[in-house]
Amino acid sequence: MDEQFRVICVGGGPGGLFASLLLKKAFPRWDIKVFERNRADDTFGFGVVFSDETLGNLKEADPESFVLICEQFAHWDEIDVFHKGKQIRTGGHGFSGLERKRLLQILQGRCAEVGVDLHFEVEMNEDGLSEADLVLICDGVNSGLRAEGAEHFKPSLDWRPNRFVWMGSTMSFDAFTFYFKENEHGLWRVHAYQYVEGKSTFIVETTEEAWKRAGLENATEDENIAYCEALFEEELEGHPLLKNRSLWRQFPTVTNERWHWGNRVLMGDAAHTAHFSIGSGTKLAMEDGIDLRDALLEAESIEEGLALYQEKRKPVVESLQRAAQVSLEWFEDTERHFHRAEPEEFTFSLLTRSLRITHENLRLRDPDYITGMDKWFYERAVAEKDRKEGEVPPPLFTPFTVRDLTLDNRVVMSPMCMYSAKDGVPDDFHLVHLGSRASGGAGLIFTEMTNVSAEGRISPGCTGIYNDEQEAAWARIVTYVHQHSSSRIAIQLGHAGPKGSTKRLWEGMDEPLESGNWPLLAASAVPYSPINQTPKAMDMADMDRVTEEYVDAARRAVRAGFDMVEVHMAHGYLLASFVSPLTNQRTDEFGGSLDNRMRFPLRVFTAVRDVLPQGMPMSVRVSATDWAEGGNDGDDAVAIARMLQEAGCDLVDVSTGQTVKEQNPKYGRLYQTPFSDRIRNEVGIATLTVGGVMSYSDVNSILMAGRADLCMIARGHLYDPYWTRHAAVALGYSPDWPEQYKSLDRFNFRFD
Ligand SMILES: Cc1cc2nc3c(=O)[nH]c(=O)nc-3n(C[C@H](O)[C@H](O)[C@H](O)COP(=O)(O)OP(=O)(O)OC[C@H]3O[C@@H](n4cnc5c(N)ncnc54)[C@H](O)[C@@H]3O)c2cc1C
Ligand SMILES: Cc1cc2nc3c(=O)[nH]c(=O)nc-3n(C[C@H](O)[C@H](O)[C@H](O)COP(=O)(O)O)c2cc1C
């Protein structure tokens, strides 16, 4: 595009200036004007942070400003976390702090050098844009031009509940510092970092409730400073806090469906925001400029370039926004971790809060920290007399004990229906399927959902444990697992309820059988979908009978030698149909409130618990959210877990959804782990997490951060029955091959 285009950039923040600078360099003939309503050296805020990676991108884009930035910044590698009087320092993080004012001066200088025309103290509006061929909308988070074009951009502003105030300090922090401090009003979080010798950013954040209790609703800047100085007197060591529009604010997460309209393009905070706890707002704003330049260089017209820019840039930004969202939620829910966790777990949870940074990443950054944390985790989990000498395993290989059951490691093969049984009897397929997973090293393997009656099966291919033949077949498999592996084996007991009498998965998931359907039971006469049968709403006699079936199945499971029993209360099956208000429409004492809806599932739980040996643990799988309007959500899951805990449940197996057909789940890596984290830390009960647990490092991170006690892998075990042994090799830990396979150890044989 060689024409002499006229470009107007509205807003002279880092986003607008950097984009203008890069465009001018790429298209020297273009006439580029920046309009900024403030004076050149006015600026809100103190310092900004860049990671080493961001600096690399800036260097490539404009080496000259990179050199100037590097001359100015304060670089540090450490993060300090202060929790309940303990300071924990970790290294290798690689950040740089820079005064925002200096950054703007550098970018203004570079713009002037390359010929960008800068205009200060001009409030730009629609009238000034008519002559422009391209308009860069870089007017920040409260963008006026975005609002003008709202019907095209379709913006959404999610105002988060926490309150924060941005202040400065003359204190020199030698690490990125997080303080957590509780007073009579609540818990206060501080994010502090030095951006130039003797000057630091000091952001104080708290909940809306604490902010109100502290009487800060209408506080002036001076009152804010006074409150925070008094609260952090000890930490500030006599240094004052500095103000610069230091009023309490709420953070808006900004997204836009479209980033361009005609010749206008949204950039920086006008297009998207990322919470300050991941320190990426300025980075994102500046990197937008790099991608816009590249898109325009590739395109043949402005419109095509803007479309290309959105196509390439938006997914990258959205991915970072997802990480920022998890991070900001961690700071909204800090109370959950603050009170229960020890400083070590609290710090690890903080460092890995976005779920992007893992145990393995931290090992690379600071090996000594991870070595110390592995030891801390091991010693906390295993009594001194049971520890192996000189050996500190990673969390994944740290044993777990519940009642009389000790698991060798924390990997669990999640229950998976195989639809391959005849008349409910597990056969050679199940022996090899489960046996090979046990040989593969998982600490615990689960049977598929095994049904307590023939009518309780999902499909004709589902296993059961309601007659002697089935019991004997299960005993054979359990014996194999116990004789040929160190895995333990649990049975998941279920009754399909309204989702029963359907085809095998590969013949048509949840579709009724062509012929030979059997009648269904549920809490209410609500079919799972329009094509499914309408179940019978259970009466008392049905409930008594089904409870007895569970009890009989549990007795058989004990006789077959299983190490643990799980009752399935998730995924819309029989017991789940009572738990969810979407499927339970009863008006008797089994419907209505959550207490009532849990009455029958708890009755079944207690009846099963009563026939298990004292030392045998019991778990329950729950759907922690229905992912549907009007259904159960995270708050209900916490209440359900409390009821289960009171009833004597040892472990909550935290799954989600599949309650109703019209669900709207958010799948992805570790998509259910936040629910496990919440239940474990709010209720104080051990949890199993499942769903998108992708890597060995995910497992180590989840366990060390206290997000779960055990990690379940389902599809990963279909792909690789030897998942756990391969994890050991990858982690440099002894895979402890079975006797028959020890040749692998002896010759130090490696497959790469
Ligand atoms: C508490 C807090 C801490 C933060 N910490 C960090 C951090 O450590 N690291 C980091 O990278 N980011 C941080 N950020 C985010 C960062 O400040 C922004 O993401 C970044 O400034 C976005 O750049 P921008 O150019 O898009 O917008 P801005 O920097 O907001 O610039 C927009 C400019 O447009 C001007 N303007 C608006 N309307 C008009 C108009 N009509 N005419 C002319 N001019 C106009 C404004 O005056 C302003 O100068 C933080 C944000 C907050 C709230
Ligand atoms: C083929 C298959 C069968 C499944 N059967 C069951 C089951 O019987 N009981 C159950 O609770 N979950 C069942 N699930 C769900 C898994 O246990 C697990 O929660 C889910 O697959 C997410 O874990 P993943 O991401 O590791 O695969 C099944 C999943 C698959 C893929």
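Q: How many of the nine residues of helix 25 are buried?
A: The model is predicted: local features need pLDDT of at least 70, side-chain atom pairs count only at pLDDT 80 or more, and totals for chains, interfaces and linings use all residues. Residue numbers start from 1 along each chain as its sequence is written, chains are lettered from A and ligands numbered from 1 in the order in which they are written, and side-chain values use heavy atoms, with hydrogens and water left out. Helices are DSSP runs of H or I with at least four residues, strands are E runs of at least two, and both are numbered from the N terminus. Buried means under 20% relative accessible area, exposed over 50%, and partly exposed in between (1.4 Å probe, protein chains only); in helix 25 (residues 696–704) the buried residues number eight.

Q: Which residue just after helix 25 takes a positive phi?
A: The buried residues of helix 25 include Val699, Ile702, Leu703 and Met704. Just after this helix, a positive phi of about 75° is taken by Gly706.

Q: Which element gives the most residues to the shell around ligand 1?
A: The shell counts residues with a heavy atom within 4 Å of the ligand. Of 32 such residues, Gly15, Glu36, Arg100, Asp269 and Thr282 come nearest. Elements that each supply at least two shell residues include helix 1 (14–26), strand 2 (31–36) and helix 10 (281–298). With four residues, the most comes from helix 10.

Q: What percentage of the accessible area of ligand 1 does the protein cover?
A: Polar contacts are pairs of N or O atoms within 3.5 Å; within protein, one atom must be able to donate a hydrogen and the other to accept it, and residues adjacent in sequence count only if both atoms are side-chain atoms. Oxygen atoms of ligand 1 lie 2.7 Å from a side-chain N or O atom of Glu36 and 2.8 Å from a polar backbone atom of Thr282, while a nitrogen atom of the ligand is 3.5 Å from a polar side-chain atom of Glu123. Ligand 1 on its own has 990 Å² of accessible area (Shrake-Rupley method, 1.4 Å probe), of which the protein covers 90%.

Q: What percentage of the area of ligand 2 does the protein bury?
A: Ligand 2 is surrounded by 15 residues, the closest being Ser414, Pro415, Gln492, Gly692 and Arg715. An oxygen atom of ligand 2 is 2.9 Å from a side-chain N or O atom of Arg621, and polar backbone atoms also approach ligand oxygen, at 3.1 Å for Met449 and 2.9 Å for Ala714. Taken alone, ligand 2 exposes 610 Å², and the share buried by the protein is 84%.

Q: How many residues does the core with Phe73, Cys138, Val265 and Leu292 have?
A: A nonpolar core is a set of buried Ala, Val, Leu, Ile, Met, Phe, Trp, Tyr and Cys residues joined through side-chain atoms within 4.5 Å. The largest has 109 residues, with Phe180, Leu493, Tyr550, Phe600, Val608 and Leu644 making the most contacts inside it. Helix 19 (residues 540–560) gives the most to this core, with seven residues. Apart from it lies another core, which includes Phe73, Cys138, Val265 and Leu292 and whose residue count is 60.

Q: Which residue has a side chain joined to that of Asn162 by a polar contact of 2.9 Å?
A: Asn162 sits in the loop between strand 10 (155–159) and strand 11, and counts as buried because its relative accessible area is 7%. Leaving aside neighbours within four places in sequence, its contacts (heavy atoms within 4.5 Å) include Arg189, Arg249 and Phe331. The side-chain partner at 2.9 Å is Glu205.

Q: Is Leu364 buried or exposed?
A: Leu364 lies in helix 14 (residues 359–365). The C-alpha atoms of Leu364 and Gly92 are separated by 8.0 Å, although these residues are 272 apart along the chain. Because its relative accessibility is 69%, Leu364 counts as exposed.

Q: What relative accessible area does Ser501 have?
A: Ser501 has a positive phi of about 55° although it is not a glycine. The residue lies in the loop between strand 23 (488–494) and helix 18 (505–508). Ser501 is buried, its relative accessible area being 2%.
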